[in-house]
Amino acid sequence: MKSFKWLAPTLYILFLMLPIYWLVTMSFKTTNEILGGFSLWPQEFTIANYVTIFTDPSWYIGYLNSITYVTINTIISVSVALPAAYAFSRYRFLGDKHLFFWLLTNRMAPPAVFALPFFQLYSAVGLFDTPIAVALAHALFNVPLAVWILEGFMSGVPKELDETAFIDGYSFWRFFIKIFIPTIAAGIGVAMFFCFMFSWVELLLAKTLTSVDAKPIAAIMTKTASTSGYELGLLAAAGTLTIIPGAFVIWFVRHNIAKGFALGRV
Amino acid sequence: MSVELRNVTKLSGLDTHIHETNLKFEEGGFNILLGTTLSGKTTLLRLMAGLEKPSQGEVWFNGQNVTGMAVQKRNVSMVYQQFINYPNMTVYENIASPLRVLRMPAKIIKEKVGQVADLMKLTPMLDRMPNELSGGQQQRTALARALVKQADLVLLDEPLANLDYKLREELREELPKLFADTGATVVYATTEPVEAMLLGGYTATLNEGRVTQYGHTADVYHTPANLVSAEVFSDPPINTARVEKKGDRFLLSDTVNWQVTPSLRHIPDGPYTIGFRPHHINLNPIADTTVKVEGRVLITEISGSESVAHIKVGDNSWVSLSHGIHQLEVGNTVELFIQTDRCFCFDHQLQRVTN
């Protein structure tokens, strides 16, 4: 029995990786081969799909748009959440616990609920079809999450650290930037990761609030499938490329995520 | 620097943390705040640091009212029970940080940090991060940061409580010397009477948000002004008993009585409370002026060369501390000897009676 210990995890990983493997092999096949029959690996290996994506602006612009609003959103969410989380972790004020919980309830509504009001509002003020529109809409979900994560990390830092710095002569902002932010860097990393992830995979709001100029990659992928027939190879290549940024970010914050779990947040 | 609390009170919600307090600390001296947890030591330190504002009253530094002054402007330094250092800075940068804030020239900073690091035996650790140090070294770093600033007022909030025994002894010996040279007024909070005795200087005893006595540490110990001060400054706790003074004798019970010490002979007859420390009631008659009582053993503890016994004598539960090892059976009746000339006598308001 002992020698079969590897079996369960291997099967588990195999099943987990299978769809991803399939996506990646598809991306190196021609559409004809994909539709033609069953093959475990590309019979005619091609990178034409990737070439198309990287040379055709109507494709790669989608990535640029997505990265733009995701970056804007992550920066806005975390920089707004930092002072808020500090207040929640350091001060007791009337209704602080209720307010903290209320922030979280913002995440309980499905994004679809907000699609129409956002669409109407942004159209009215001329923000429709801009990256900032999507970034702001995603902030509705990401700010509470970032506040929640950061509050956990900040509460892990003793209040005496702040006081020691003030006694040493640090002004509040100097302390906050030179000492406090480096101290909770792991938490900021985790918060940024979650903001990034939500914004990167969220499709409904991103699609509703853009039409041409700021269209995200996920929206471009769905449209291509419906207009120019079945370009499955191209679609698979686009899908593979969409996974890469997420994998990158996970790689960078993997240690900090573990810390976040240890602190009971995330 | 002279530090003075004038009619300071501190309320938090409906709770009173500090009752009206007037206290002038010895300028440039080593001052100890002695009291149990929640007696208000930390609150007093925080009021002086400016981390909290008094609900009423004023804090004066050098004849100047600083009650509303910001923490940053007060030129104080503080060391906590927990080891607080800036985790993102090396030990060197940690120590240098108060000087950097003051925008001192780099050369002077280097010189000062070098001196203090030498003094605190941190020179080999200067390039390390605080979390790579042992607890003792972390607290030395925090103390070094307090020292390098040359603050006028140094607040130490149980700085040795989280250290192991050996390190505590070592640092306790060094601390008064370290700050004596700087001329700073030091206020040191502790829960341990023994620590207060070893540190010397001046002691203020605190109980439930009230300063019950302030003076030379030895004086407070040997001549407590009231029972509360004596209780705060006694470990194991001081023993008390109700007695009746009749003529020149104190009557504890029908059978136990003794001659009143000459200094108290002229106080009026009536009921009093006497207090005597555990090492003044022994299993052997070690002084001339003793009185014998009989009691039942409740608990015994032997720590190295001393024996502690909790004894029930009549209605009183007392603690006795004797030299040497005495094996006592719990439940047995033993003879004990109170050194009557070491008894404090308190009146019905629990103030100590003198003459």
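How many residues does the contact take from chain B and from chain A? The legends below begin with this view of the predicted model.

**View 1. The contact between chain A and chain B.** In this predicted model, 17 residues from chain B and 14 residues from chain A make up the contact. On the side of chain B that touches chain A, β6 (76-79) and α2 (91-101) of chain B each contribute at least two residues. That side of chain B consists of 12 nonpolar and 5 polar residues, with no charged residues.

**View 2. The open sheet of chain B.** The sheet is built from 6 strands of chain B in the order β6-β7-β8-β3-β9-β10, with mixed pairing. Because β6 and β10 of chain B stand at the edges and have a single partner strand each, one side of each lacks a neighbour in the sheet. On average, and with direction ignored, neighbouring strands of this sheet are turned by 15° against each other.

**View 3. Strand β3 of chain B and its parallel partners.** Strand β3 (residues 30-34) of chain B pairs with strand β8 (residues 185-190) of chain B in the parallel sense, over 5 bridges. Within this pairing, V186(B) in β8(B) is the residue opposite F30(B). The pairing of β3(B) with β9(B) is also parallel and extends over 4 bridges. Here N31(B) has Y202(B) in β9(B) as its bridge partner.

**View 4. The hairpin of β9 and β10 in chain B.** Strands β9(B) and β10(B) run antiparallel and are joined by 6 bridges. Opposite Y202(B) stands H216(B) in β10(B). The two strands, β9(B) and β10(B), form a hairpin with 2 residues between them, and E208(B) in the turn has a positive phi of about 45°. Strand β9(B) is largely enclosed by the rest of the structure, because 5 of its 6 residues are buried.

**View 5. The surroundings of Y214(B).** This residue, Y214(B), belongs to strand β10 (residues 210-216) of chain B. Y214(B) counts as buried because it has 22 C-beta neighbours inside 10 Å, the cut-off being 20 or more. Apart from neighbours within four places in sequence, the contacts of Y214(B) are L23(B), Y202(B) and A204(B). Y202(B) lies 12 residues from Y214(B) along the chain, and their C-alpha atoms are 7.2 Å apart.

**View 6. Helices lying across the sheet of chain B.** Helix α1 (residues 41-49) of chain B lies across β3, β6, β7 (153-157), β8 and β9 (202-207) of chain B, and its direction is at about 155° to β7(B). Helix α4 (residues 135-148) of chain B lies across β6 and β7 of chain B, at about 170° to β6(B).

**View 7. The two domains of chain B.** According to the domain assignment, chain B comprises domain 1 (3-232) and domain 2 (239-346). The C-alpha centres of these domains of chain B are 38 Å apart. Contact between them involves 4 residues of domain 1 and 5 residues of domain 2 of chain B. The side of domain 1 that touches domain 2 has 3 nonpolar residues, 1 polar residue and no charged residues.

**View 8. The buried and exposed sides of helix α9 in chain A.** In helix α9 (residues 172-183) of chain A, the buried residues are F175(A), I179(A) and F180(A). These residues lie on the same side of α9(A), because they cover an arc of only 90° around the axis. W173(A) and I177(A) are exposed on the other side of α9(A). The cover over the buried residues of α9(A) includes α8 (159-168) of chain A.

Notes
Residues numbered from 1 in each chain as written. Chains lettered and ligands numbered in written order. Predicted model: local features only at pLDDT ≥ 70, side-chain atom pairs only at ≥ 80, totals over all residues. Contact = placed C-beta atoms within 7 Å. Nonpolar A, V, L, I, M, F, W, Y, C, P; charged D, E, K, R; others polar. Buried ≥ 20, exposed ≤ 12 C-beta atoms within 10 Å, placed from the backbone. Domains from an automatic or database assignment. Arc of directions from axis to C-beta. Pairing = 2+ DSSP bridges. Axes fitted to C-alpha atoms, helices over the stretch in contact; angles between N-to-C directions.
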